[in-house]
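Keep the structure open as you read.

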Amino acid sequence: MVVANDLSSKILPRVLIVSRRTLRKNKFVDFVGEYHLDLIVSSGAVPIIVPRVNGIHSMLQSFEPIHGVLLCEGEDVDPSLYADAEVPGLSPEDIEEVKKAHAEDMAIDREKDSIELTLTRLCLERNIPFLGICRGSQILNVAAGGTLYQDIDKELITTSTTKHIDYDNYDGHRHEARILEDTPLHKWFEEMEIMVNSYHHQGVKRLAQRFVPMAYAPDGLIEGFYDPDRYDPEEGQFLMGLQFHPERMRLSGSDEFDYPGCAIAYQEFVKAVIAFQKKQLNTTEMEMKRRKPTLVKSFSGTELLEANTVLSKQQENRLKQMGATVRNSSVYMKRVKMKEEQERAMDKLSAERLSDLLSFHNMMARLCSDAIKRKLLEVEPTDRTTESSFFLNY
């Protein structure tokens with residue numbers, strides 16, 4: 001496990017996590033479970049909390065760069081987002097019964113749905129590493145074209161007595177999960193059966209076509225799935241949903257995990273996030289190298305300058321501050337005008353163009369510095385003293 005303090009000098013990858021909204025003292029409060037944040041930080045990434053605020057789904061580009069997305073707990077996903085025309089949903093009577101049993105979860109949050117579905121689809125399009133926990137796994141399945149059980153007890157017909165939620169023993173409740181061989185879960189937990197926690201009354205009904213199951217509950221409910229074509233943490237590939245909460249599977253009264261695989265799930269996710277960031281940086285550097293010849297021409301200065309013949313009061317003050325006299329004022333005036341024209345030209349450039357220019361000049365500064373060092377090493381000792389003295393005086 002990576003210690004966060006050792007990474008303070010590095011630019012760490014960013015993992016977006018959408019908050020959950022609740023009422024506290026008659027005001028809305030957004031929060032994310034501390035275990036998720038701890039595991040992301042200790043594994044070597046920075047959690048960036050996306051607040052569940054009206055309209056934030058249209059501003060997600062402001063959270064770039066995105067190197068990974070973790071979606072976790074929350075209310076039920078809006079049934080209209082995964083309605084199956086061929087299979088009728090719950091009757092109004094059934095819905096009323098479910099509301100009484102799961103009142104807090106049944107409160108649909110359409111804004112949160114919109115934010116998380118937008119982020120999830122972005123991950124699917126760009127191959128950004130994604131880990132969905134509980135509701136996050138359901139969002140992932142819906143975004144990829146799958147469906148959900150609105151209520152497991154009402155829709156999943158089975159002789160199993162598996163209990164998926166126990167409000168009287170919220171953190172302590174466990175049920176069996178059978179892990180399939182040759183899956184990431186099997187590699188992490190190194191067991192065929194584990195006991196998992198459970199905080200949900202919904203779950204995957206029809207798994208989206210691209211995904212493969214990793215684990216089942218005794219009643220046949222999918223407890224974990226992934227895309228095998230998008231799983232290679234070393235190469236920045238990770239696309240997975242877990243119905244259970246590995247971050248909360250801890251021994252009673254302790255922070256020790258039930259299984260080492262609980263922490264490994266987050267570590268492998270962050271490993272993919274780090275690799276994804278590295279690939280992005282490499283791509284950016286290659287783009288910069290291709291564009292540098294163009295920069296030399298584009299930023300020669302002659303194309304950007306605008307004529308400005310009027311001497312303002314501010315210009316006069318600058319001239320005085322620079323020590324201009326009657327004899328040399330024309331030289332200073334030209335210098336001031338040139339500087340102001342360049343400043344105005346810079347203001348007109350986009351942030352991306354300015355970033356390119358900065359990178360170009362940094363590169364040129366390094367090249368000049370290296371050339372000077374080589375020149376100093378080539379000259380004779382006496383000449384070197386003279387040349388060094390020149391630079392010092394300059």
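Lys 25 is exposed, with a relative accessible area of 67% (exposed means over 50% relative accessible area, buried under 20% and partly exposed in between, using a 1.4 Å probe and protein chains only). This is a predicted model, in which local features need pLDDT of at least 70, side-chain atom pairs count only at pLDDT 80 or more, and totals for chains, interfaces and linings use all residues. Residues are numbered from 1 along each chain as its sequence is written, and side-chain values use heavy atoms, with hydrogens and water left out.

**Backbone points worth a look**
- Lys 25 has a phi near 55°, a positive value in a residue other than glycine, and sits in the loop between strand E2 (20-24) and strand E3 (27-31). Helices (H or I, at least four residues) and strands (E, at least two) are DSSP runs, numbered from the N terminus.
- Cys 134 also is not a glycine and has a positive phi of about 55°; its place is the loop between E6 and helix H4 (135-143). Cys 134 is buried, at a relative accessible area of 8%.
- Glu 64 and Pro 65 are joined by a cis peptide bond, with omega about 0°, and Pro 65 belongs to the loop between E4 and E5.

**The sheet**
- An open sheet of 9 strands runs in the order E4-E1-E5-E6-E13-E12-E11-E8-E9, with mixed pairing. Two strands pair if DSSP finds at least two bridges between them.
- Its edge strands are E4 (46-50) and E9 (193-196), each of which pairs on one side only.
- From one strand to the next, the twist averages 25°. Axes are lines fitted to C-alpha atoms, for helices over the stretch in contact, and angles run from 0 to 180 degrees between N-to-C directions.
- Strands E1 (residues 14-18) and E5 (residues 68-71) run parallel and are joined by 3 bridges; Leu 16 has Val 69 as its bridge partner in E5.
- Helix H1 (residues 34-43) packs on the sheet and touches E1, E4, E5 and E6, its direction making about 145° with that of E4. Contact means heavy atoms within 4.5 Å.
- H3 packs on the sheet as well, touching E1, E4, E5, E6 and E13, and its direction makes about 150° with that of E1.

**Strand E13 and its neighbours**
- E13 (residues 239-242) is covered on both faces: Leu 239 and Gly 241 are buried on one side, Met 240 and Leu 242 on the other. In a regular strand the side chains alternate between the two faces of the sheet.
- With E6 (residues 130-133), E13 pairs in the parallel sense over 4 bridges, and Phe 130 has Leu 239 as its bridge partner.
- With E12 (residues 222-226), E13 pairs in the antiparallel sense over 3 bridges, and Tyr 226 has Met 240 as its bridge partner.

**Helix H3**
- H3 (residues 110-126) has 17 residues and reaches 24 Å from first C-alpha to last, close to the 24 Å expected at 1.5 Å a residue. The expected span is 1.5 Å times one less than the number of residues.
- Its buried residues include Ile 115, Leu 119 and Cys 123.
- After H3 comes Asn 127, with a positive phi near 65°.

**Confidence**
- The protein chain has a mean pLDDT of 81, and 79% of its residues reach 70 or more. pLDDT is the predictor's confidence in each residue, from 0 to 100.
- Over residues 295-310 the pLDDT is below 50, and this stretch has 27 contacts in the model beyond near neighbours in sequence.
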